[in-house]
Amino acid sequence: MESGGDKRRVVIVGGGIAGSLLAKSVQFNADVTLIDPKEYLEITWANLRNMVEPSFAERSVINHRDYLTNGRVVTSAAINITETEVLTTEGRLIGYDYLVIATGHYDPVPKTKEERLDQYQAENQKIQSANSILIVGGGPTGVELAGEIATDFPEKKITLVHKGPRLLEFIGLKAGDKALCWLKSRNVEVKLEQEVDLKSIPDGTEVYQTSMGETIEADCRYLCAGKPLATSWLSETILKDNLDKRGRLMVDEYLRVKGHKNIFAIGDITDVPELKQGYLAHKHALVVAKNLKVLMSGGKESKMSTYEPGSAIAMVSLGRKDAIAQFPFTTIGGCVPGYIKSRDLFIGRTRKQMGLPS
Ligand SMILES: Cc1cc2nc3c(=O)[nH]c(=O)nc-3n(C[C@H](O)[C@H](O)[C@H](O)COP(=O)(O)OP(=O)(O)OC[C@H]3O[C@@H](n4cnc5c(N)ncnc54)[C@H](O)[C@@H]3O)c2cc1C
């Protein structure tokens with residue numbers, strides 16, 4: 001077990017969008033340990049731009065050490081927790097006074113920034129050398145990937161297959177319709193209510209059959225399905241009864257895991273009834289940073305901040321100039337939301353928030 005020094009020991013499990021901002025925010029108030037299997041934070045909303053423009057990843061993949069200058073980084077996965085300690089895959093025990101779980105979605109990515117940048121270079125080569133590309137999944141990832149490739153490589157034949165009745169099912173009908181119109185206008189062939197089971201088809205395949213018997217020729221393919229929540233590691237821990245049926249951690253209004261005074265959860269893994277979005281994960285992090293500061297300075301629980309679920313705002317980029325934005329009372333598409341999101345994908349802003357040059 002490691003020493004916490006004079007300050008209270010805050011252990012944050014997961015160095016994604018939420019965990020990294022929290023670590024950065026409390027690093028001078030606490031003895032912070034960030035546990036993450038990779039050495040870097042990845043600003044996920046740049047992932048698809050990184051595939052068509054790999055140099056973009058230089059700014060969106062950020063070593064934890066760059067923003068966490070006054071904390072400890074443990075490059076490992078957490079596999080168990082007790083009332084006082086976290087256990088990592090290497091068998092290391094890390095003691096805590098306050099624990100924050102922020103493990104988001106499961107996404108096996110390389111350990112180092114260098115390896116991740118190489119991976120984007122390889123994806124880019126794959127896209128460049130393909131004549132035809134099959135994208136399976138019409139959620140935000142599939143739609144944004146189709147938009148990026150159609151914008152930067154308009155000569156490629158792109159087919160997008162989605163099993164549901166419309167694109168972008170995580171938000172409203174209008175957003176899906178606008179995305180469909182935009183993709184069609186860029187010659188992307190969209191096949192709704194059809195499936196291609198990529199898992200059962202070997203790499204190197206160039207002809208695919210959909211569930212309705214249609215044939216798609218493609219020399220490169222991407223599966224853009226939703227990723228599972230990274231909470232299965234909690235299912236045999238002291239928090240096993242705090243997971244709901246969907247595997248989300250149940251939290252109170254202070255974002256504390258229900259029934260636990262010193263354990264918080266933030267980001268996509270919480271059961272907060274709202275869209276699972278990075279800008280909301282950031283809000284969770286800031287609320288918990290405040291609450292930790294209150295508790296660590298001996299403040300009363302009643303002084304803690306509460307979190308209100310966010311409204312259904314979402315933006316989906318369509319290449320470099322266009323986007324679709326859903327607000328509570330309207331949905332707009334085109335260059336206005338594109339101007340807000342699609343040029344820089346909020347990377348400059350997010351880097352600034354992490355205390356880094358934009
Ligand atoms: C392609 C794409 C585009 C997106 N676009 C947008 C957008 O435009 N706007 C927006 O607001 N949101 C967007 N999102 C959603 C946003 O990325 C998520 O809401 C956000 O990442 C959630 O943050 P998080 O910290 O909860 O989880 P994540 O960012 O998923 O981070 C989880 C972290 O936990 C780590 N981890 C996992 N298991 C363990 C373990 N056992 N031990 C230790 N560490 C572990 C992982 O390595 C990772 O670092 C997008 C998502 C994707 C995939």
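Trainee: Which residues does Leu-99 touch, not counting residues up to four places away in sequence?

Mentor: In this predicted model, Leu-99 touches Val-11, Ile-81, Val-86, Asn-262 and Ile-263. Leu-99 itself lies in strand E9, residues 98–101.

Trainee: Why does Leu-99 count as buried?

Mentor: Let's set the value against the cut-off. A residue is buried if 20 or more other C-beta atoms lie within 10 Å of its own. Leu-99 has 25 C-beta neighbours inside 10 Å, so Leu-99 counts as buried.

Trainee: Is Arg-65 buried or exposed, and what makes it so?

Mentor: Exposed: the label applies at 12 or fewer other C-beta atoms within 10 Å, and Arg-65 has 11, which is why Arg-65 is called exposed. Arg-65 lies in helix H4, residues 64–67. From Arg-65 to Thr-44, 21 residues apart along the chain, the C-alpha separation is 18 Å.

Trainee: Where is Leu-280, and why does it count as buried?

Mentor: Leu-280 is placed in helix H8. With 23 C-beta neighbours inside 10 Å, against a cut-off of 20 or more, Leu-280 counts as buried.

Trainee: What does Leu-280 touch, leaving out residues up to four places away in sequence?

Mentor: Leu-280 touches Glu-274 and Gly-310. As for Ile-313, 33 residues from Leu-280 in sequence, the C-alpha to C-alpha distance is 9.9 Å.

Trainee: What makes the phi of Leu-345 worth a remark?

Mentor: Start with the general rule: most residues other than glycine have a negative phi. Leu-345 is not a glycine, yet its phi is positive, about 55 degrees. Phe-346 also has a positive phi, near 60 degrees, in a residue other than glycine.

Trainee: Where do Leu-345 and Phe-346 sit?

Mentor: Leu-345 is in the loop between helix H9 (335–341) and helix H10 (347–353), and Phe-346 is in the loop between H9 and H10 as well.

Trainee: Why is helix H1 described as mostly covered?

Mentor: Count its buried residues: 10 of the 10 residues of H1 are buried. Among them are Ile-17, Leu-21, Leu-22 and Val-26, and also Lys-24 and Ser-25. In the chain as a whole, 43% of the 358 residues count as buried.

Trainee: Which residues come nearest to the ligand?

Mentor: Of the 33 residues around the ligand, Gly-14, Gly-16, Gly-104, Gly-267 and Gly-278 come nearest. The shell divides into 16 nonpolar, 13 polar and four charged residues.

Trainee: Which helices and strands each supply at least two residues of that shell?

Mentor: Helix H1 (17–26), strand E2 (31–36), helix H2 (47–52), helix H6 (140–152) and helix H8 (278–296) each do. So H1, with its 10 buried residues, and H8, where Leu-280 is placed, both return here.

Trainee: How do you know that domain 1 and domain 2 each contribute to the shell?

Mentor: The shell draws at least three residues from each of domain 1 (9–37 + 76–107 + 227–310) and domain 2 (113–226 + 313–347). The C-alpha centres of the two domains lie 32 Å apart. Four residues of domain 1 are in contact with four residues of domain 2. On the domain 1 side, the touching residues divide into one nonpolar, two polar and one charged.

Trainee: What does the UniProt record place at residues 9–275?

Mentor: The unreviewed UniProt entry places the feature "domain: FAD/NAD(P)-binding" there. Over residues 9–275 the chain is 25% helix and 24% strand.

Trainee: Why does the radius of gyration of the chain agree with a compact globule?

Mentor: With 358 residues, a compact globule would have a radius of gyration near 21 Å, and the chain has 21 Å, so the two agree.

Technical notes:
Residues are numbered from 1 along each chain as its sequence is written. This is a predicted model: local features need pLDDT of at least 70, side-chain atom pairs count only at pLDDT 80 or more; totals for chains, interfaces and linings use all residues. A residue is near a molecule or strand if its C-beta atom, placed from the backbone, lies within 6 Å of it. Helices (H or I, at least four residues) and strands (E, at least two) are DSSP runs, numbered from the N terminus. Ala, Val, Leu, Ile, Met, Phe, Trp, Tyr, Cys and Pro count as nonpolar, Asp, Glu, Lys and Arg as charged, and the others, Gly among them, as polar. Domain bounds come from an automatic or database domain assignment. The radius of gyration is taken over C-alpha atoms; the globule rule is 2.2 Å times the number of residues to the power 0.38. UniProt positions are given in the numbering used here, feature names are shortened, and annotations may be inferred rather than shown by experiment. Two residues are in contact if their C-beta atoms, placed from the backbone, lie within 7 Å.
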